[in-house]
Structures are given as C-alpha cells and as structure tokens.
Amino acid sequence: MTTATQEAQTQPQGEARTVPANRPLFLLAYLLIGAYLGLIFVQSEVVSWFRIQEMFRFQSFHMYGIIGSAVLVGAVSVQIIKRLNPRTLTGERVQLSPKEWGDSRIPAARYWIGGTLFGMGWALLGACPGPIFALLGSGITVMVVALLAALAGTWAYAALRPYLPH
Amino acid sequence: MLETLLGPWPWYVAGPLIGLVVPLFLLLGGRAFGVSSNLRHMCAATPTPRSWKPEFLRYDWKSSGIWNLTFVLGIALGGFLALTLIGIPDAGQSISEATRADLRALGIQDFSGLLPADLFSWGSLLSPASLILIVGGGFLVGFGARYAGGCTSGHAISGISNLQLPSLVAVLGFFAGGLLVTFGLLPLILS
C-alpha cells in the first residue's frame, strides 16, 4: 500500500498517463511498420489515382484482391488473438473496442453519410489518408495541398460535430 | 528477381503483407490499425490559441497520438524508399486497357507514373479540375474519414477484420460515394 502511494506521488502527473506505445523503442517499431507499409503501398500501386479509377469502374481485380486478402489475413489473425488473449509487448491487453452504432434518429448516420463523403473524396483525389503520406514521400510534393485540405476537412468536422447526426 | 520487384507487386503478395499490419498493431501496442486519426492529432497539435479549437480537438495529442504520428512518418519514409531503392511503378501503363480508354475519353493524356500529371502537378494546381480533385477531394477525405470514424485502413481493413457491422456500412458508403464521383461528377469536372 505504502509503496504504491509513494510511487503515485513520485510519478509526475503527465508521466503516469503516457501511453506505453510512446516509448522510444516502440516508436522505432511503428516507424518501421510504417515504412514497410508505405513501400508496399507504392509498389502495389494502391496509391495510384489510375488504380482507384480502375477499381471504381470494376475493370480489374487488383484492388479488390488487395483489400480482400488483407481483410482475410486480418480477420484470421484477429480471431487467433481473441482466442489466445495474449499480452501486448507494452504489457497491456489487446483493446478491440467495437464501433458504436450511435444514437441519432437516422440509423447509423455517421457511417453511411460520413462513408459516402469519404468515398467521394477517395475517388476525386485517388488517395485515402495512408497513401497521401506515401505519395508525399515518393516525391509527389503537390500532395501537401491535399494533406492541408484533409486537415481543413478534419477541422471542419470538429467544428460541425455538435450539429451533425451520429 | 529485380524484374519482379520493379513491376507492380501482385495483389496476392501486397494484400496479405498489408493484412499482417493488423496483428502487428494489436500485438505491439494493443491498438487497432488506422491512419486517419492522425489527421485529428495533427489538427490538435496545431499551435493555435486553445479557444480557437473545437472541443473535439482539445485533448492531449502527445500521449494518445505520438506513436501513431510516428507510424505515418514511417509511411512517408516507405514512399521515399520506394522512390530511391526500387523506383516508382508506371501504374498508368499497368491498369487495364478499358480504364485507359475511359480516362482518355475524359481527356487524360499522360499515363506515366502513379497519377495523371495533367491534373496532379504544381503547374496545373490552379485549374478548376485540379482544384476540385486535390483540394475538394482532400477536404472530403478528411471530413468524411472523421465523420465516419475511420478510413480505408480503420474501417475496410481493421473494422471488417474484427467483423464490425458499422465498418461494413461505412465501406458500402465509400463505394456509393466513389461510384457517384466516378460516373456522375468526374465527367462533368473533366469536360
């Protein structure tokens, strides 16, 4: 008891709330996973406006194959993780908080309205958030304008959030 | 081997490799894989007076988001490695002939690289079509992703992997919006 109290007192307040995933070694791991993903994004052409057009025109299996097989691998791993319930490398339990349906009078409003708006943006820009960063890194510097616009969109949502059905 | 690396990586290689990020995220830090929440962290990190920020952007982005921001920095680094180590694939050449024909009919002429340079370059940025595509598209991506609570990674990959119905609704929305733009708006914008 005493030691726990002492520990709590010696810990600065901000420190106690720090997410373990923010420790330097973990940050390096996230940087490397990001680099791995960015490299695959570019080499498989999922960052390409041409490929997104091809997908929305149903003229190739490429994008469907990528998203479908990624989901398959993801779903099988999630099932295994749920069965084994392992501790993470940060020592926590895996958090798989389900998405809430929301309490709007319009059923699932945020998912289909927000989803449709996002899809419109995806088809116009030909890139979703991950690919925006990969394209920036691969030398398409004009994407910095798209990133700023996406930040403006995020900010606009934050401002309008109290008035939108969720 | 080198030729295999240079062409577009096939879906059955790229898809499973992307899917592996879902368990990597869960086992490393216990968090779900998602990119677009970083746009929120970046807004929250913007150095403006606190009173300018909507409630949604007032939180401790450092403790909840540094790891995720490091991850997107990594994605950009991956793009740079692709450029310098392997080279950017010519997606405009590897897409189906049918798509090229459709896009040619819309006035697109440059099929080299990842994006049509006629629309996505600094030189064309101020043309109405480019502004709608880059600024309008970017804005909707940011707005829609936060409204829907996730983007392609958070809903289509992480969400459906966890068999979440709301994510399926969101993905159906992604497609509804994409089809609306592709077959409804794009011919108007590019004409």
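The structure is a predicted model, in which local features need pLDDT of at least 70 and side-chain atom pairs count only at pLDDT 80 or more, while totals for chains, interfaces and linings use all residues. Residues are numbered from 1 along each chain as its sequence is written, and chains are lettered from A and ligands numbered from 1 in the order in which they are written.

Chain B holds 10 helices and 0 strands; here helices (H or I, at least four residues) and strands (E, at least two) are DSSP runs, numbered from the N terminus. Its order along the sequence is accordingly written α-α-α-α-α-α-α-α-α-α. The C-alpha trace of chain B spans about 50 × 45 × 35 Å along its principal axes. Of its 191 residues, 52% count as buried, a term for residues with 20 or more other C-beta atoms within 10 Å of their own; those with 12 or fewer are exposed, those in between partly exposed, and the C-beta atoms are placed from the backbone. Two residues are in contact if their C-beta atoms, placed from the backbone, lie within 7 Å. Among contacts in chain B between residues at least 6 apart in sequence, 52% join residues at least 24 apart.

Chain B is assigned two parts, domain 1 (1-87) and domain 2 (119-191), with bounds that come from an automatic or database domain assignment. The C-alpha centres of domain 1 and domain 2 of chain B lie 18 Å apart. Their contact takes 8 residues from domain 1 of chain B and 10 residues from domain 2 of chain B. On the domain 1 side there are 5 nonpolar, 2 polar and 1 charged residues; Ala, Val, Leu, Ile, Met, Phe, Trp, Tyr, Cys and Pro count as nonpolar, Asp, Glu, Lys and Arg as charged, and the others, Gly among them, as polar.

Ser167(B) is found in helix α10 (residues 165-190) of chain B. Ser167(B) counts as buried because it has 25 C-beta neighbours inside 10 Å. His155(B) is 12 residues away from Ser167(B) in sequence, and their C-alpha atoms are 4.8 Å apart in space. Leaving out residues up to four places away in sequence, Ser167(B) touches Gly150(B), His155(B), Gly159(B) and Ile160(B), as well as Lys99(A) of the other chain.

Between the chains, 109 residues of chain A are in contact with 114 residues of chain B. The largest share of the chain A side, 17 residues, comes from α3(A). By class, that side divides into 68 nonpolar, 31 polar and 10 charged residues.

Helix α5 (residues 62-84) of chain A and helix α3 (residues 21-28) of chain B have axes 8 Å apart and pack at an angle of about 30 degrees. Axes are lines fitted to C-alpha atoms, for helices over the stretch in contact, and angles run from 0 to 180 degrees between N-to-C directions. The helices α5(A) and α3(B) are therefore roughly parallel to each other; angles under 35 degrees count as roughly parallel, over 145 as roughly antiparallel, 65 to 115 as roughly perpendicular and the rest as oblique. Gly74(A), Ser77(A), Val78(A) and Ile81(A) of α5(A) make the contact with Val22(B), Pro23(B) and Leu26(B) of α3(B).
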